[in-house]
Amino acid sequence: MEKIKSYLKKNLFFVLLMNYRRIFIQKRNLKKYDDETAVRKIYKERLGRELDLDNPQRFTEKLQWLKLNYRKPIMSKIVDKISIRDYLTEKGYGDYLMPIVGTYNSVDEIDFKNLPEKCIFKASCGSSMHLVKNGKIKHLWLWKAIMKSWLKMNISVEGREWPYKDAKRVIICEHF
């Protein structure tokens, strides 16, 4: 089973399919629930048990409680892969960051012919959204479709992670 999961994570067709599934679920299901109901529903679906927000004991329960109750403004800055770079540089940690090749508001802005041999594309807002270029890109149309799907995703709706709500969605390309 682990081999199948590993293969599927590397299969770009599957990645694209799952991205559009997430977008569909965001639009259809989760917008109709308030935050607490959605978090409880997601928790039950993923972990198979009820969420105790009144007296959270498990680490996963405490994370959900924080998601609903801990609302510091700095969090909106931290979740964005662009603004966190400015914040870290301001705090003296800029030397630890990988150099950026470019940031793009649209896939059409990317000049794929003039990219470094090795680089990584990431969505500025979200997790598990990355593509690694190591040599020539096979199926460029598929890469573009995946990156376009990143720009359509809204993590604040899907997982009720409020800091992502107003974050600007862009594509980042970093040296690898």
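**Group meeting: a walk through the model**

Let's start at helix α6, residues 83–90, where Ser83, Ile84 and Arg85 are buried. Buried means under 20% relative accessible area, with a 1.4 Å probe and protein chains only. Helices here are DSSP runs of H or I, at least four residues, and strands are E runs of at least two, numbered from the N terminus. The cover over those buried α6 residues includes α5 (74–79), β1 (100–104) and β4 (171–175). Just after α6, glycine 92 has a positive phi of about 95°.

A word on the source. This is a predicted model, with local features needing pLDDT of at least 70 and side-chain atom pairs counting only at 80 or more, while totals for chains, interfaces and linings use all residues. Residues are numbered from 1 along each chain as its sequence is written, and side-chain values use heavy atoms, leaving out hydrogens and water.

Now confidence. pLDDT is the predictor's confidence in each residue, from 0 to 100. The protein chain averages 86. Helix α1, residues 2–10, is lowest, at a mean of 57. Helix α4, residues 59–69, is highest, at 95.

Next, the strands. Two strands pair if DSSP finds at least two bridges between them. β2 (118–123) and β3 (130–134) pair antiparallel over five bridges. Isoleucine 120 has valine 132 in β3 as its bridge partner. Six residues lie between the strands of this hairpin, and glycine 126 there takes a positive phi near 145°. β2 also runs antiparallel to β4, again joined by five bridges. Cysteine 119 has histidine 175 in β4 as its bridge partner.

Conventions
Buried < 20%, exposed > 50% of the residue type's maximum accessible area, 1.4 Å probe, protein only. Contact = heavy atoms within 4.5 Å.
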